[in-house]
Amino acid sequence: MFEDSAPLPHLREASTPPSKTPPAVAVEVTAELVGGWVASLGGGTDRAAGDIELIDRIRALEELKAAAAAAQARAAAAFDALHRQKQELSGLPREQLGKGIAGQIALARRESANRGGRLLGFAKALTAEMPCTLDALSRGLISEWRATLLVRETACLSVADRRTVDREVAGDPKVLETLGDRQIIARAKAAGYRLDPQTSVNRAAKAASERFVSCRPAPDTMTYLTGLLPVSQGVGVYAALSREADRLRASGDSRGRGQIMADTLVERITGHADAGRMGVEVQLVMTDRTLLAGESEPALVPGYGPVPAQWARDLVRQQGGGRTGDGGNRARRARRRPGGKHFGQAGGQDCPEVDSPVVHSPENRRAGSNGFPRAAVSGFPGPLHSRSGPDLPYALVRRTHSAH
């Protein structure tokens with residue numbers, strides 16, 4: 001909603017005029033020098049500054065962040081080239097050149113190894129193939145995110161076409177500075193479609209083959225159920241949900257439009273008439289003290305993560321009517337059913353906190369982290385059971401792939 005808004009007049013004037021820009025001084029940027037900047041920025045107070053000074057400082061710091069991102073990209077590309085050269089001189093096979101570089105960059109940036117590879121790819125593309133975008137980022141005219149959008153939207157193009165798009169979209173800094181995210185994406189896509197229409201068609205076909213559905217945690221015990229679909233299917237699904245929401249609202253349904261669309265999605269996918277009472281089994285791990293004595297140690301839903309203790313107890317009451325007795329039998333029956341879901345499968349799932357498989361070990365059958373046994377609650381909806389025994393693990397032991 002703010003993308004087409006013009007910058008405040010004094011901000012536009014303060015950010016680019018040569019008369020207000022201090023002269024550039026050639027200084028070697030070292031880690032020690034940058035560390036001093038970090039220390040300086042981390043102290044002091046802003047209470048004595050006026051409103052104009054504060055807003056100008058915010059703009060200046062934003063430009064500094066962008067310039068720092070450009071410097072990071074140049075440093076990453078230089079590190080990659082230097083390390084590859086060392087590996088080659090050491091006799092490393094050609095197919096192994098570059099091994100470990102992305103991991104070191106990820107460690108330096110406090111990111112995962114997977115994201116480190118993407119950051120390195122971004123840095124190499126930016127420094128070698130997109131000079132106009134790199135210049136704009138170095139001058140603080142665009143953010144690192146918008147530079148990433150330009151790199152992403154030109155990834156399928158040849159180097160020559162990519163540089164052409166770079167000049168068209170980022171060649172005029174004054175225009176680029178006024179563009180929002182969607183405008184940058186639209187201009188880059190349009191230029192790419194015009195320069196290489198066949199590659200764009202191939203990219204669309206490949207994207208359709210990568211359709212999928214994912215589920216990830218959201219705040220307050222909610223989830224994001226995401227479907228990556230071809231545009232015709234995605235628009236069709238949304239239109240069908242919208243029509244159903246409009247029909248029910250017109251007939252007097254008191255739920256909000258978004259609530260009706262969400263409930264309709266659940267009902268049509270699961271086949272249940274009431275989205276509020278799902279006839280599926282939910283795996284829930286909690287200590288016996290949490291379940292029976294009202295303690296506050298969080299429960300665990302494998303594949304989602306920790307959930308509040310009271311929320312877990314409420315779920316037990318809502319879905320199981322507060323009864324106990326045959327949860328173990330239900331779990332055993334689930335183990336016998338092909339594809340049946342039960343608590344015993346939790347050990348084969350990935351741990352949501354460390355992205356590595358949960359490993360069964362003798363400790364699994366011992367006490368939980370607070371010294372009390374773990375209880376398994378399974379078989380929603382219907383009677384629930386919390387008990388100990390040799391056939392149910394009490395704790396989930398997390399280990400990395402290297403067994404640390």
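**A tour of the cores and helix contacts**

Begin by selecting L150: beyond its neighbours within four places in sequence, L150 is in contact (heavy atoms within 4.5 Å) with M130, T133, V169, A170, I184 and A188. This is a predicted model, in which local features need pLDDT of at least 70 and side-chain atom pairs count only at pLDDT 80 or more, while totals for chains, interfaces and linings use all residues. Residues are numbered from 1 along each chain as its sequence is written, and side-chain values use heavy atoms, with hydrogens and water left out.

Next, select L126, L137, I142, L150, V151, V165 and L176, which touch the most other members of the largest nonpolar core, a set of 31 residues. Such a core consists of buried Ala, Val, Leu, Ile, Met, Phe, Trp, Tyr and Cys residues joined through side-chain atoms within 4.5 Å; buried means under 20% relative accessible area (1.4 Å probe, protein chains only). A second, separate core has nine residues, including A299, V307, A312 and V316.

To see the contact, select W145, R146, L149, L150, R152 and E153 of α7 with D181, I184, I185, A188 and K189 of α10.

Key
Buried < 20%, exposed > 50% of the residue type's maximum accessible area, 1.4 Å probe, protein only. Helix = DSSP H or I, 4+ residues; strand = E, 2+ residues; numbered from the N terminus.
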